[in-house]
Amino acid sequence: MTRDHETKYRRATAFQRRLNPIMRRLPLQTLLETTGRTSGLPRRTPVGGRRVGDSFWLVSEFGERAQYIRNIKADPRVRVRIRGRWHTGTAHLLPDDDPAARLRALRSLNSVAVRAIGAGLLTVRIDLDRE
């Protein structure tokens with residue numbers, strides 16, 4: 001990772017540490033719940049993305065450096081809160097997908113932010129369980 005990317009990463013994570021606790025409380029904020037790879041406790045992260053059929057797509061702005069990606073690698077079973085309703089599913093990391101094209105397809109304010117601050121983007125597809 002270049003020095004510029006490292007600086008972006010540090011600034012973004014410092015900002016997210018302050019913002020995420022507030023975002024998690026918003027009733028319609030999309031949340032990703034993973035299981036902590038060390039603690040085994042549920043970890044909730046505000047994310048942007050979009051449901052397409054029986055899948056939920058998102059792009060991690062810092063790829064495999066993101067803590068929720070590390071948690072997914074340890075246990076791909078996750079929950080996603082979409083429009084206030086929880087869904088269970090299995091997350092798949094897609095390093096061969098084009099994350100920039102995926103962000104354009106997802107089209108949201110979050111996608112703009114991810115493109116602006118992201119370094120090492122990684123696409124994630126969550127196959128939602130049938131309910």
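Visitor: What makes the meeting of the Asp127 and Arg125 side chains a salt bridge?

Guide: Their N-to-O distance is 2.8 Å. A salt bridge needs a side-chain nitrogen of Lys or Arg within 4 Å of a carboxyl oxygen of Asp or Glu, so Asp127 and Arg125 qualify. Before we go on: this is a predicted model, where local features need pLDDT of at least 70 and side-chain atom pairs pLDDT 80 or more, while totals for chains, interfaces and linings use all residues. Residues are numbered from 1 along each chain as its sequence is written, and side-chain values use heavy atoms, with hydrogens and water left out.

Visitor: Why is Asp127 called partly exposed?

Guide: Its relative accessibility is 25%. Buried means under 20% relative accessible area, exposed means over 50%, and partly exposed is in between (1.4 Å probe, protein chains only), so Asp127 lands in the middle class. Arg125, at 23%, is partly exposed too.

Visitor: How many salt bridges are there in the whole structure?

Guide: A search finds seven. One of them joins Glu33 and Arg44 at 2.6 Å, N to O. Glu33 is in strand E1 (residues 31–35) and Arg44 in strand E2 (residues 42–46), so they tie together parts eleven residues apart in sequence. Strands here are DSSP runs of E, at least two residues long, numbered from the N terminus.

Visitor: How do you know whether Glu33 is buried or exposed?

Guide: Glu33 has a relative accessible area of 11%, so by the under-20% rule it's buried. Glu33 also belongs to a salt-bridge network with Arg44 and Arg79.

Visitor: What does the charged end of Arg79 sit over?

Guide: The ring of Trp86, 4.1 Å from its centre. To count, NZ of Lys or CZ of Arg must be within 6 Å of the ring centre and within 35 degrees of the ring normal. Arg102 does likewise over Trp57, at 3.8 Å.

Visitor: Why is E4 described as largely enclosed?

Guide: Six of its six residues are buried, so the rest of the structure largely encloses E4. Ser55, Trp57 and Val59 are on one side, with Phe56, Leu58 and Ser60 on the other.

Visitor: What makes E4 and E7 a pair?

Guide: Strands pair if DSSP finds at least two bridges between them. E4 (residues 55–60) and E7 have six, running antiparallel, so they pass. Leu58, for instance, has Val124 in E7 as its bridge partner, and Phe56 stands opposite Ile126.

Notes:
Helices (H or I, at least four residues) and strands (E, at least two) are DSSP runs, numbered from the N terminus.
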